[in-house]
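Here is a friendly walk through one model, from its backbone details to its core and its ligand shell. Please have the viewer ready.

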Amino acid sequence: MTTTQDAVAAAERCTPEYRRNPHPVYAQLRESAPVCPMRPPHGNETYLITRYEDARNALSDPRLSKDMYGAMDAYRRIFGDSSVALDDNMLNSDAPKHTRLRKLVNTAFTPRRVEALRPRIQEIVETLLDDCPTREPLDLLPAFAFPVPIAVICELLGVPPQERSKMQQLSTTVAQTGFSAESKRAQQKAEEDLHAYFTELIARKRREPADDMLSALTAVRDTDGGLSENELVSTAFLLMFAGHKTTAYLIGNAVYHFLARPAQLRAVQEKPELIGPAVEELVRYEGSVESATFRYATEDVEYSGTRIPKGALVQIALTSANRDPEKFERPDDFDVRRPGNTQNAHLGFGHGSHYCLGAPLARLETQLALSTLFGRFPRLTLADPASGPQWMAVPFPAFRGLAELPVV
Ligand code: HEM
């Protein structure tokens, strides 16, 4: 049994046990310290929210700001002081800037638009499986889970195929959550390279517009000035960044949980229409965004009887909220037939005005990746089921994903 003190210490220090299985820690915090003051390695006063109701309210609380420029000192201490402002985008802003930027991109992400991408995504998935190395065991993360979303988002944005592996590498470096000086330097360098790359790509789209999202956004910028040049670069970066690792980790987590539970996999294979609800259940049960949901308090606020002082950072643990027994029956069971697990029940894609813009795309990519993979390789198994999953070791639990996924 974890004590409250142990749970807080594990969450603060992101211990290896906590990385392997954060759920008992979250269960303890939900019970006895649902709004938990912490001092994580980045040194800022942070409050971790773990209950579903609090999390849902906090995600849409206008007193909790996403405008990290407003909290620049705290923000710099976490993410380093880059010379380029790649965060000049909707994710890091409040209304009215948020509304303006989101509206510009929103039209590209309607469920109908995304559905139109289905044949192309299917083709990408098939080609990647055709090209998978035949050696065994095969690590499915670099061979499949990562290349699918990078190919899709690059295609959507209009990043030429020969430049995609560079994109993948740079955005992976930016996403690392290390706090050492060396790790921050590497992150800053990658941010600068990405900024330079997107600036140059936008210039190319101006000269030779194509039928892609970056050309369309560049045209908006140039015709009605709806966004600044830096907002345009930062929006391209956000889409690349937000659309890549999140989906890759979800595909990896999904493959692992299905292979570890053959009865659940069989249920979807026998009833293919279960793939939609199954992906929702995966986002609930082991979603890929654990607590990369920073806000900061613009005034004193109170949640579950705890005062969060003005200026403090607030971190919302979606992974915990999605297993709150007050909201979900049998929260620790992975059940693709879970009644009522609709798209709106879990918080894995956030909630409120910052609700994930790419959710329809992420859902479609994951559904096609899983059904095609399991359809083509019905005898796929974990290479070493007894050893358990290898979760990423991180100093800070922003994302939840596997470090490797060996299969045969
Ligand atoms: C925002 C999760 C895939 C684009 C968010 C947020 C979450 C999230 C939790 C809200 C963050 C907050 O409130 O602080 C996920 C997960 C994904 C995924 C779990 C995959 C499984 C994608 C994809 C794209 C995307 C594929 C685009 C190509 C965005 C954008 C925002 C966002 C642009 C910011 C929205 C805003 O600030 O208004 N995502 N995401 N995401 N996501 Fe996703």
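## Backbone details in the loops

A residue is buried if 20 or more other C-beta atoms lie within 10 Å of its own, exposed if 12 or fewer, and partly exposed in between. Keep in mind that this is a predicted model. C14 has 17 C-beta neighbours inside 10 Å, so C14 counts as partly exposed. This residue sits in the loop between helix 1 (4-13) and helix 2 (16-20), and C14 has a positive phi of about 50° although it is not a glycine.

Look for S304 in the loop between strand 6 (301-303) and strand 7 (306-308). With 14 other C-beta atoms within 10 Å, S304 is partly exposed.

Some peptide bonds also deserve a look. The bond from A95 to P96 is cis, with omega near 5°, and P96 belongs to the loop between helix 5 (72-79) and helix 6 (97-106). E136 and P137 are likewise joined by a cis peptide bond, with omega about -5°; P137 lies in the loop between helix 8 (118-130) and strand 4 (138-139).

## The nonpolar core

The largest nonpolar core has 109 residues, and those with the most contacts inside it include I49, A55, V148, L157, A236, F237 and V314. Helix 14 gives the most to this core, with nine residues. Leaving aside neighbours within four places in sequence, F237 is in contact with L86, L194 and F198.

Helix 10 (residues 147-157) is mostly covered, with 10 of its 11 residues buried. Among the buried residues of helix 10 are V148 and L157. Just after this helix, G158 takes a positive phi of about 100°.

## Where two helices cross

The axes of helix 15 and helix 17 (residues 275-286) come within 10 Å and cross at roughly 100°, which means that helix 15 is roughly perpendicular to helix 17. Helix 15 brings L250, N253, A254 and H257 to the contact, while helix 17 brings L282, V283, Y285 and E286. By class, this contact has five nonpolar, two polar and one charged residues.

## Around the ligand

Which residues come nearest to the ligand? Of the 25 residues around it, they are G243, T246, G350, C356 and G358. Helix 14 (229-242), helix 15 (245-260) and helix 19 (359-376) each supply at least two residues of the shell. By class, the shell has 14 nonpolar, 10 polar and one charged residues.

Note on methods:
Residues numbered from 1 in each chain as written. Predicted model: local features only at pLDDT ≥ 70, side-chain atom pairs only at ≥ 80, totals over all residues. Near = placed C-beta within 6 Å. Helix = DSSP H or I, 4+ residues; strand = E, 2+ residues; numbered from the N terminus. Nonpolar A, V, L, I, M, F, W, Y, C, P; charged D, E, K, R; others polar. Core = buried A, V, L, I, M, F, W, Y, C linked by C-beta atoms within 7 Å. Contact = placed C-beta atoms within 7 Å. Axes fitted to C-alpha atoms, helices over the stretch in contact; angles between N-to-C directions. Parallel < 35°, antiparallel > 145°, perpendicular 65-115°, else oblique.
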